[in-house]
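Visitor: I would like to learn how to read the packing of helices in a structure. Could you take me through an example, step by step?

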Amino acid sequence: ARREITHADENIPHIYRRALADEPDVIAWVNSLAAVSREQSAGRIATSVGRHRSLLLLGPTGTGKTHQAYGALRYLAPAGIAWHWTATSSANMYAALRPRSGVDSETEFRKYAHARLLMLDDLGAAKSSEWTEEINFRLINHRYENQLPTILTSNVLPGELMNRVGDRVASRLVEMCDRV
């Protein structure tokens, strides 16, 4: 499913603007998300992503998880979805949420929590603290409870995930995500 850069690609980092999802399980997840979104739009072009399971891409550093994640975002447009999404790394999200003068951290948090489709890169890569654990739980719990599709990447091994993000977050990830 190759395609040229579109307006939606302007929000994709330059290095991933030609990213292609070629992992069969990633493509299957995107196709399922597109079908659900079209169904919820009653046959019209879907202008929003529908409620759906999430996708968790796990693997060692350098295996192409982020490439697949951006490829999945790019694949949605030709699948018939005119969508809005938010993509960030966990480090950038934490930086945006740090309390500081002139910034309402709760308003910033809602941008991620309520995004119709969120791509969060490198979950569990940041040094764990009570604050990051609370942010992770609030974010994942909200998206879990509202069935908001999320694409997550992590280089943390499945057995280590609980130690890095907390048992409550790991439990919800197991329930809400297709794992690749």
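**Reading helix packing**

Guide: H3 and H5 are roughly perpendicular to each other, because their axes cross at roughly 100° and angles of 65 to 115 degrees count as roughly perpendicular. Please keep in mind that this is a predicted model.

Visitor: Which residues of H3 and H5 make the contact?

Guide: Met93, Tyr94 and Leu97 of H3 take part, together with Trp131, Thr132, Ile135, Asn136 and Leu139 of H5. By class, this contact has 6 nonpolar, 2 polar and no charged residues.

Visitor: What is the angle at which H5 and H7 pack, and how far apart are their axes?

Guide: Two packed helices are described by the angle between their axes and by the distance between the axes. Here H5 (residues 130-145) and H7 (residues 167-176) pack at an angle of about 25°, with their axes 9 Å apart, and they are therefore roughly parallel to each other. H5 passes H7 in a left-handed crossing. The residues that meet include Phe137, Ile140 and Tyr144 in H5 and Val169, Leu173 and Met176 in H7, and the residues of this contact divide into 6 nonpolar, 2 polar and 4 charged.

Visitor: Which residues of H7 are buried, and why are they on the same side of H7?

Guide: An α-helix has 3.6 residues a turn, so residues three or four places apart point the same way. In H7 the buried residues are Val169, Ala170, Leu173 and Met176; they cover an arc of only 140° around the axis, which puts them on the same side of H7. The buried residues of H7 pack against several elements, including H5, strand E1 (54-58) and helix H6 (158-165).

Conventions:
Residues are numbered from 1 along each chain as its sequence is written. This is a predicted model: local features need pLDDT of at least 70, side-chain atom pairs count only at pLDDT 80 or more; totals for chains, interfaces and linings use all residues. Side-chain values use heavy atoms; hydrogens and water are left out. Axes are lines fitted to C-alpha atoms, for helices over the stretch in contact, and angles run from 0 to 180 degrees between N-to-C directions. Helices (H or I, at least four residues) and strands (E, at least two) are DSSP runs, numbered from the N terminus. Angles under 35 degrees count as roughly parallel, over 145 as roughly antiparallel, 65 to 115 as roughly perpendicular and the rest as oblique. A crossing is left-handed if the near helix is turned anticlockwise from the far one by less than a right angle, and right-handed if clockwise. Contact means heavy atoms within 4.5 Å. Ala, Val, Leu, Ile, Met, Phe, Trp, Tyr, Cys and Pro count as nonpolar, Asp, Glu, Lys and Arg as charged, and the others, Gly among them, as polar. Buried means under 20% relative accessible area, exposed over 50%, partly exposed in between (1.4 Å probe, protein chains only). The arc is that of the directions from the helix axis to the C-beta atoms.
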